[in-house]
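Please look first at how the chain is divided, then at what lies between its parts, and last at what is packed inside them.

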Amino acid sequence: MTGKGLAIVGLGIAAAAVGRRLLAASVSMRRLPHESETEESYHSAGTRILILGAGFGGIATALELDKRLEARTDTSILVVDKDNSTLFTPLLWTVADGRSNPSNIVVPVRAFQRGRRFHLLQAEVEKIDLDSRQVHTSAGTRPYDYLVIALGSVTTVPDLPGVREHSLIFQSPADALQLRNHLIDALEAAHNSQDPKEDAEWLTFVVGGGGDTGVELAATISDYLSSGLLSQYPWLEDAPVRVVVAGRADRLVPMSDPKSSEAVRRELEESGVEVLTGVSIESATERSVRTSKGDIPARTLFWAAGTAAPSVVSDLPVEHARNGSLIVDDHLRLPGRPEVYAVGDSAWSVDPRTGMGVPPTAQAAEHEGRYVGRAIAAAINGIPTKPFRFRPLGHMALLGRGTGVAQVGPLTLTGPPAWLMWHSYYLSHIPSWRNRIRLLLDWLLAGLTGRETSQLRLETRSGSGETTRL
Ligand SMILES: Cc1cc2nc3c(=O)[nH]c(=O)nc-3n(C[C@H](O)[C@H](O)[C@H](O)COP(=O)(O)OP(=O)(O)OC[C@H]3O[C@@H](n4cnc5c(N)ncnc54)[C@H](O)[C@@H]3O)c2cc1C
């Protein structure tokens, strides 16, 4: 297929997705206002469904239950999350590359509630007691008849010499702003330095991890430097800027198809990112990163290899996968506890198609959440359900200005069509028209007036003078 043909396919998919969203919006506009629930009414409900986490998996479960249990007025659905918003992580890259306002990639949970019958408790989940069937939160204890654990994961940095101390991670809007701040600091330091060796260290950016997050992070750093920042330092134009991504596996994004891996490597190398595969990072100091294939003089190391379940999940006295997530059966339930389900990054289930673990992605979390919503509704109505089958839609990666990789079925798109498909898919997928319109305006404005390159410090001071990083 020609580039033009591929662009038409991308636009077609985008138009279909937007049409579907328009239809859904017209339905949701007819919904009634949400009615709030008291703690008492939750306690006294005939069936209490408690969902821990309002991320991709938790919200998908709540929406499916809302649809399926519309007529069951004796059932209460309560979602508990420490935040009242849900973060749309795939679009974090567009904050880090200076195109999106961070508040446009989070959606308040209350915005989903209009006319729906699930409720939100903003509280920290402190302890899950499986034997007494209750959950202790910072806002009190909630019993349950059905429990869905959807508490996501946290990025982990291995305990290698100097690595925790000298690396930055990327998981939240604050990390995205911090990445921009850090790149600006690095260029300013290179500008101030009189020593070419030190210059080179400031201008070398190493990313540890060749999975999805690692490759998109390396591409974002390279893109932000070349599309916005470096133009403000014309005297550094010929300086030796290096962005290096190092992965331990023998190919990038090892969980995706080899064709997709190869396309990712090609696109990254074409945009100037150095790709190291089959290479482990062994240690780091302030001025260098030691790998199994030699030292890289660099003052920046981002860590993007490995996640773990939050401690409230990994502390549960049940079977865990290596990263602390919960091993679930083919109905996504904890073995021996048919009333407890786990979805998303907190769960570890096997895809019978490949015999491998279902990948920790938003796509899988949503798919599992919808399945569990259906399974609980069926269990309440006394109907058996078929086992969970993961049906991946494909794989996409944003790899810098005007490029990316998108694999849908046998079709692998690269370059502008993949970039277009990535933006159309996630724009249509973020569950709020307000966010969609604002993001579209953000991207158009960035195209017209340039990327955001101002440094925004993320620190605040309390009355006692103590400084906190947000
Ligand atoms: C930078 C980045 C980019 C990504 N890009 C993609 C992508 O392009 N495509 C893709 O498919 N996936 C992507 N992912 C992965 C995706 O974000 C996760 O797989 C997905 O969020 C998992 O969904 P979840 O419901 O399990 O967890 P989450 O969506 O993380 O939700 C967990 C929720 O639990 C809450 N929570 C956690 N602990 C507690 C507690 N103790 N008390 C109360 N609440 C708590 C959190 O506040 C959160 O709202 C990306 C991840 C990152 C970090």
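Buried area is the accessible area, taken with a 1.4 Å probe, that two parts lose on being put together, summed over both. This is a predicted model, in which local features need pLDDT of at least 70 and side-chain atom pairs count only at pLDDT 80 or more, while totals for chains, interfaces and linings use all residues. Residues are numbered from 1 along each chain as its sequence is written, and side-chain values use heavy atoms, with hydrogens and water left out.

The domain assignment, which is automatic or taken from a database, gives domain 1 (39–155 + 308–380) and domain 2 (163–306 + 397–442). Taken over C-alpha atoms, the centres of domain 1 and domain 2 are separated by 30 Å. About 2700 Å² is buried between domain 1 and domain 2, and carbon and sulfur atoms give 66% of that area. Of the area that domain 1 buries against domain 2, Trp93, Asn104 and Thr155 supply 29%, more than any other three residues.

Counted by contact (heavy atoms within 4.5 Å), 28 residues of domain 1 meet 31 residues of domain 2. Between the two domains there are zero salt bridges, a salt bridge being a side-chain nitrogen of Lys or Arg within 4 Å of a carboxyl oxygen of Asp or Glu. On the side of domain 1 that touches domain 2, the elements giving two or more residues are helix 4 (92–96), strand 4 (106–108) and strand 10 (154–155); helices (H or I, at least four residues) and strands (E, at least two) are DSSP runs numbered from the N terminus. The largest share of that side, five residues, comes from helix 4.

Turning to the interior, a nonpolar core is a set of buried Ala, Val, Leu, Ile, Met, Phe, Trp, Tyr and Cys residues joined through side-chain atoms within 4.5 Å, where buried means under 20% relative accessible area, exposed over 50%, and partly exposed in between, with a 1.4 Å probe and protein chains only. The largest such core has 115 residues, and those with the most contacts inside it are Ile128, Leu147, Ile149, Ile221 and Leu268. Its largest share, nine residues, comes from helix 6 (residues 173–192), and at least three residues are drawn from each of domain 1 and domain 2. Leaving aside neighbours within four places in sequence, Leu268 is in contact with Val215, Ala219, Val245, Leu252, Val273, Val275 and Leu399.
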